[in-house]
Amino acid sequence: MQIVITGGAGFLGQQLARMLLGRGQIMGRSIQKLFVFDTNPAQLAADPRLELVRGDITDPQTVRTLLTDETGLIFHLAAVVSGEAEQNFELGMQVNLLATLNLLERCRELGRQPRLVFASSVAVFGGDLPPVIEDGTALNPQSSYGTQKAVGELLVNDYSRKNFIDGRALRLPTIVVRPGKPNKAASTFASSIIREPLQGQTAVCPVAPATRMWIQSPRRAIENLLHAAELPPDAWGNNRVVALPGLAVSIQEMVDSLQEIAGEKVIRRILWQPDPFIEKIVGGWPVDFAPQRALALGFRADHSIAEIIQAFIEDELPK
Ligand SMILES: NC(=O)c1ccc[n+]([C@@H]2O[C@H](COP(=O)([O-])OP(=O)(O)OC[C@H]3O[C@@H](n4cnc5c(N)ncnc54)[C@H](O)[C@@H]3O)[C@@H](O)[C@H]2O)c1
């Protein structure tokens, strides 16, 4: 089995690559080759099965070389994140939408119906939302990023219906705690306010403590991406898109849990500086979901914010 991860040098891409190489098999087949594709270099330990490919997904010729007759599974994670796609409309359209279409077109051209897992986002929902988002709630994204992801989902569905791919699209909650440095996602602060204080640094929180978010840990996100790849085509029926289960949590609850785990001194490192640009984007995201379909399909959520913070400490901080 040959696998391609686009955006493989990103946060989720690298964790997914490590997990795949550690398992050694997926969909009942052993992993012969894992192509980690990105504009940026990935920080992954050398492995005879691993090939790091640097390139720009917006270039059709690059994608033509990347995907071959041998490609059995694609995790399409390459994207320009929410804040950046909002500020740079053209770049967001190129990477999030046109490159996704181009990738799907390459799959169609190959005619081998590879399995494809697409990372979508809850940012496809927005506007006048019902109190609880059900599986059938209409999409009404209020950002260019959300719109690009929504179109990507529709394309994954249609290319699957036409048997050009065996696609699956997951609406990921905001993933917390992200290791490393803040990025240009509007949600980046949700990780910063835990990650930085735990490492003796200050972090800015640009939204009010009462702000609530729908989140998932990196551990669960990777587990769910792998589960999506392994589900048989029949499990999906005529809808290849699912909103993942998550945890609805307020910023105040995150801070309280951090205080319980790490103490008062740590949470004093959070600086409360409201930013209307971020507040507007984050405030438009849905928080309360009834992810019945995802649960029935076997996708999982985290149990508590405390568990998520503990997992970050275990997985990412020096012992
Ligand atoms: N992390 C989250 O909270 C979250 C939430 C919802 C959805 N998602 C989606 O999950 C996926 C992975 O998220 P992440 O947090 O790992 O993001 P990330 O920004 O860490 O990774 C995305 C990767 O895509 C690469 N990329 C961007 N433009 C490219 C191009 N033109 N050619 C090749 N590579 C390019 C970037 O270099 C980066 O390494 C994304 O599609 C994102 O939209 C993430």
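Modeller: Gladly! Let us begin with a term: helices (H or I, at least four residues) and strands (E, at least two) are DSSP runs, numbered from the N terminus. Leu271, for example, is found in strand β14, residues 270–272. Please keep in mind that this is a predicted model, in which local features need pLDDT of at least 70, side-chain atom pairs count only at pLDDT 80 or more, and totals for chains, interfaces and linings use all residues. Residues are numbered from 1 along each chain as its sequence is written.

Biologist: Is Leu271 buried or exposed?

Modeller: A residue is buried if 20 or more other C-beta atoms lie within 10 Å of its own, exposed if 12 or fewer, and partly exposed in between, with C-beta atoms placed from the backbone. Leu271 is exposed, because 12 other C-beta atoms lie within 10 Å.

Biologist: Which residues is Leu271 in contact with, leaving aside its neighbours within four places in sequence?

Modeller: Two residues are in contact if their C-beta atoms, placed from the backbone, lie within 7 Å. On that basis, Leu271 is in contact with Thr202, Ala203, Val204 and Cys205, once neighbours within four places in sequence are left aside. Gly200 is 71 residues from Leu271 along the chain, and their C-alpha atoms are separated by 13 Å.

Biologist: Which residues touch the most other members of the largest nonpolar core?

Modeller: In soluble globular proteins, nonpolar side chains tend to be buried together. A nonpolar core is a set of buried Ala, Val, Leu, Ile, Met, Phe, Trp, Tyr and Cys residues joined through C-beta atoms within 7 Å. The largest one has 93 residues, of which Ile5 and Leu170 touch the most other members. Domain 1 (2–173 + 216–243) and domain 2 (188–213 + 247–287 + 302–316) both give residues to this core, so it lies between them. Domain bounds come from an automatic or database domain assignment. Beyond four places in sequence, the residues that Ile5 touches include Leu16, Val36 and Phe75.

Biologist: How far apart are the two domains?

Modeller: The C-alpha centres of domain 1 and domain 2 lie 27 Å apart. Their contact takes 14 residues from domain 1 and 8 residues from domain 2. On the domain 1 side, α3 (82–87) and α7 (218–230) are the elements that give two or more residues.

Biologist: Last one: which residues come nearest to the ligand?

Modeller: A residue is near a molecule if its C-beta atom, placed from the backbone, lies within 6 Å of it. Of the 25 residues around the ligand, Gly7, Gly10, Leu12, Ala79 and Ala119 come nearest. Helix α1 gives the most to this shell, with 3 residues.
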